[in-house]
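Please look through the structure shown below before reading on.

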There are 2 protein chains.
Amino acid sequence: MNQAAAPHRRRHRADGEPRHTPRPTDYHRLRNPFPPVPVFPEDRIEAMHRTALRVLEELGMKVLLPEARARFKAAGALVDDATQMVRIGREIVDAAIASAPRSIHLIAGAPHRDLDLELGMLTILAGAGSPHATDLVRGRRPATLADFRDMVRLVQHFDVLHMQNQMVEAQDIPIHTRHYAVAETKLTLSDKFPSLYARGTPQVADGFEMIRIARGVTPEAFRSGVYAYTVINTNSPRQLDIPMAQGLIDFAAAGQLSIVTPFCLMGAMAPVTVAGALVLSHAEALAGIVLTQIVRPGAPVCYGAFASNVDMKSGAPAFGTPEHVKANLGAGQLARKLGLPWRSAAGCAANVNDAQAANETQMSAWGAILAGCTVLIHGAGWMEGGLTVGYEKLITDVETMQIFAELCAATPDDDAALAFEALAEVQPGGHFFGAAHTMERYQTAFYPPVVADWSNFGTWTERGSKDANHRATGVWQSILAEPAQTFLEAARAEELSAFIAKRTEQGGAPPVS
Amino acid sequence: MNQAAAPHRRRHRADGEPRHTPRPTDYHRLRNPFPPVPVFPEDRIEAMHRTALRVLEELGMKVLLPEARARFKAAGALVDDATQMVRIGREIVDAAIASAPRSIHLIAGAPHRDLDLELGMLTILAGAGSPHATDLVRGRRPATLADFRDMVRLVQHFDVLHMQNQMVEAQDIPIHTRHYAVAETKLTLSDKFPSLYARGTPQVADGFEMIRIARGVTPEAFRSGVYAYTVINTNSPRQLDIPMAQGLIDFAAAGQLSIVTPFCLMGAMAPVTVAGALVLSHAEALAGIVLTQIVRPGAPVCYGAFASNVDMKSGAPAFGTPEHVKANLGAGQLARKLGLPWRSAAGCAANVNDAQAANETQMSAWGAILAGCTVLIHGAGWMEGGLTVGYEKLITDVETMQIFAELCAATPDDDAALAFEALAEVQPGGHFFGAAHTMERYQTAFYPPVVADWSNFGTWTERGSKDANHRATGVWQSILAEPAQTFLEAARAEELSAFIAKRTEQGGAPPVS
């Protein structure tokens, strides 16, 4: 499976020189080959689900947006406007779980970029949400639109990164026009499925309009297909703030995708136990899903979970820990109980792209993949617990993600692959370098690395003793040195530009808080 | 499970300062929590097994040791002494599979170090067999007995490393007495289950005698329990050399453990396909197992597989690749078909302890663990495709192995762990730092890292911006700065010393080739 030809994929060597390979890999639409791994017995998952329902019913969520409280109330929830508390009965939750879609078709800028979110599929995203960017050339700094533009091009370059998310904040752009700049960048330099900020209705409406223009669809067509997504983080514990609640309402009303992801750090914003953190995370995700289904039954929504632990000595967030892996596995069990597509996350707390950084991202990614996640976010580049996206880390992590993608592909197992004739041909103690069986296959038999260097110590030393981090610099530089490709035809680019100019003249749209 | 108390475990912080934690972890006898993952359909595994039987029956193995050929012949194999080829009928193979033990109890220097090899258990070993050692203080150099001694102490220190294997070669010791020095080091500075070289009968007999002395057992008791093991590598393709064949015979005759591990590099010493490499590896492992069972039915023997691919441009070995992971998964299917305990391997081709090094070891270790391996070798420290063991890499990999061990332990899931009361106690938007639920658990809730640094960028910078590789230096230095512990009582140490002196005076025992 996943073996359709993409014959002219361009790859880059560790020394930065691009090369072409005819290897017929396809990282576009991955199906997770690993049976989901449980961490809790099924009856305890049921107990967690029931406890989360008790949390919603007896303790409730604090919902800061009056419109959201009114919608919950109209749907039968018990609402106290003085305390802003909303208590949601289990029948309301059950109805939402029943109406939320099991499969969601995502429409990108080109058909081969379209995605389907459903249990069993695997979608991988770069790290997102970071205020800083870092690389070995320019160091760590507040991220700019130029950084974001670079990241969009790097994400576009690697097929294994399936969506355009908000990798870094373009901090040099004023906040009332930043959403124009970042959306224009995504829609111009990429044809992948894009995210939008949920920072209040005016920004969201602008975003929808920009995507509608870029995709060339009518307002009606836009509302009947899924063209964009946003990530909704609750304010754990048990709180939903104004822009997040508004985002759930606006995206659901427009038929666009919300990914509802509580960020539950065990011992800090969540209970210190994996099971307790999952109860909280599950309750909050369900509250968000309920709001989308109240607004529009059947609205596209993705269950999300991102739970790890803190260092109890310092309170610092930690990722790639055993507790993080276990939380991912448990969240997968809860998501499968609902039957909904769901988002998990890798993570990394390291301050530099070293062995710790690699180990944490890979360990937590395995947790997510073995949990059967539908969307794996922060798969590449995410460092410092999300405070920085690293150019080099994005490259070294892409290697890991590509290996996951290779593991999704079938392995030749026909009689010829079993190689009896080759085994007969090569004498004992000989080698297979020149065997016909090898010659027929060697060009496409193995995964070609992006950044791994397999040369021996002598050769590696002669070439300058560069570690993976420094080799990765050459990789991203060579990708960005190529002319930027534009994915928007001239007329649409012009229309988009005119829209942005008009809205900017009107004062833009400051974020709502 | 695996939660028995080891209350006074000493741990080391990233800054090198030892700390004590009452955390009740136990990494001694791990049970693999992951359901084995298949990579091939069962009927194709059956086809691989049948093809391997054809290889043994129709093509045969070249066996260089006359005694081994004679034993194969006596068991009914077709032997041509002129060509040294041995063709083994499937009924001989079937008998060996039937008589090989499903469970093997290994007797170490202390009861809590004993191990059981059987499907479902997970035993982890450090990297082994390297001619070089490297660390950030002294650089890369030919390994010495001092390096080996350091490695024995480091392996002894970490409970997650379960046996004492031959991490590096003590190249400063003459080859006719080296086996005395390394065995004495293992038996003195460690109570873990030890390996011995299989470099000819004289060295093997010396090794058995040294272990018998150290363990204080009679020759009869030694022969009825498993006190040592050796790793037998075939000379792929289809060749068994003199010391390896002799090792299989001598260890089986003495009731000691052979781990038969073909090292099959796809595209070099093995077919270019995963399936073809596994057919060859399976055939060679079966040939080795057959020889042990001819010598002594029921002799302890472990199925082994170590297959990865080469870089087809340079011929350099690669590890942690998708092909390596798939080979591990497929080997697990073949081992489960036999029902025998089996050895898999992690691996790493990197020349420095960087993101590549971490990713390759972890990726291949996941392959081995998801394949349900019984013994995972090269789990920590192995670099450059086995040419070097790194002190720092040993430390950073131990972190990964400890996380695997943590994943083997049960996760609290009782009603108290679900934390409803804590969720009721903490107000929306609040935190759980001071909650009673947290206070009762925080000291033992989370895995404490060996080398990971979770401090924020500012603190990390103030502390000297040390990456994981440099922090690992502090960890191994602090372990080795403690006084070396002796595990041998004085009388046995004296007897061992006298034996070595006598044998050295007699001229030692040069390796056989």
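This is a predicted model: local features need pLDDT of at least 70, side-chain atom pairs count only at pLDDT 80 or more; totals for chains, interfaces and linings use all residues.

Residues are numbered from 1 along each chain as its sequence is written, chains are lettered from A and ligands numbered from 1 in the order in which they are written, and side-chain values use heavy atoms, with hydrogens and water left out.

**The interface between the chains**

- Taking contact to mean heavy atoms within 4.5 Å, 112 residues of chain B are in contact with 112 residues of chain A.
- Because 100% of the interface residues of chain B are also interface residues in chain A, the copies meet through the same surface.
- The area buried between chain B and chain A (the accessible area, with a 1.4 Å probe, that two parts lose on being put together, summed over both) is about 9,200 Å², and carbon and sulfur atoms give 69% of it.
- F420(B), F446(B) and W454(B) supply 9% of the area that chain B buries against chain A, which is more than any other three residues.
- Between chain B and chain A there are 2 salt bridges, a salt bridge being a side-chain nitrogen of Lys or Arg within 4 Å of a carboxyl oxygen of Asp or Glu.
- D415(B) forms a salt bridge with R44(A), and the closest N and O atoms of this pair are 2.6 Å apart.
- Helix α11 (residues 355–370) of chain B gives the most to the side of chain B that touches chain A, with 9 residues; helices (H or I, at least four residues) and strands (E, at least two) are DSSP runs, numbered from the N terminus.

**Side-chain pairs**

- The structure holds 27 aromatic pairs over all chains, where rings of Phe, Tyr and Trp (its six-membered ring) pair if their centres lie within 6.5 Å, and planes under 30 degrees apart count as stacked, over 60 as edge-to-face and the rest as tilted.
- The rings of F208(B) and F251(B) have centres 4.9 Å apart and planes at 70 degrees, so the pair is edge-to-face.
- F208(B) lies in helix α6 (residues 201–215) of chain B and F251(B) in helix α8 (residues 242–253) of chain B, so the pair ties together parts that are 43 residues apart in sequence.
- Over all chains there are 46 salt bridges, and one of them joins the side chains of E118(A) and R31(A), at 3.9 Å from N to O.
- This pair links distant parts of the chain, 87 residues apart, with E118(A) in the loop between β8 (115–117) and β9 (121–124) of chain A and R31(A) in strand β3 (residues 30–31) of chain A.

**Backbone details**

- A cis peptide bond, with omega about 0 degrees, joins S236(A) and P237(A), and P237(A) lies in the loop between β14 (229–232) and β15 (239–240) of chain A.
- In chain B, the peptide bond from S236(B) to P237(B) is cis, with omega near 0 degrees.
- H378(A), a residue other than glycine, has a positive phi near 60 degrees, and H378(A) is found in the loop between β21 (375–377) and β22 (382–383) of chain A.
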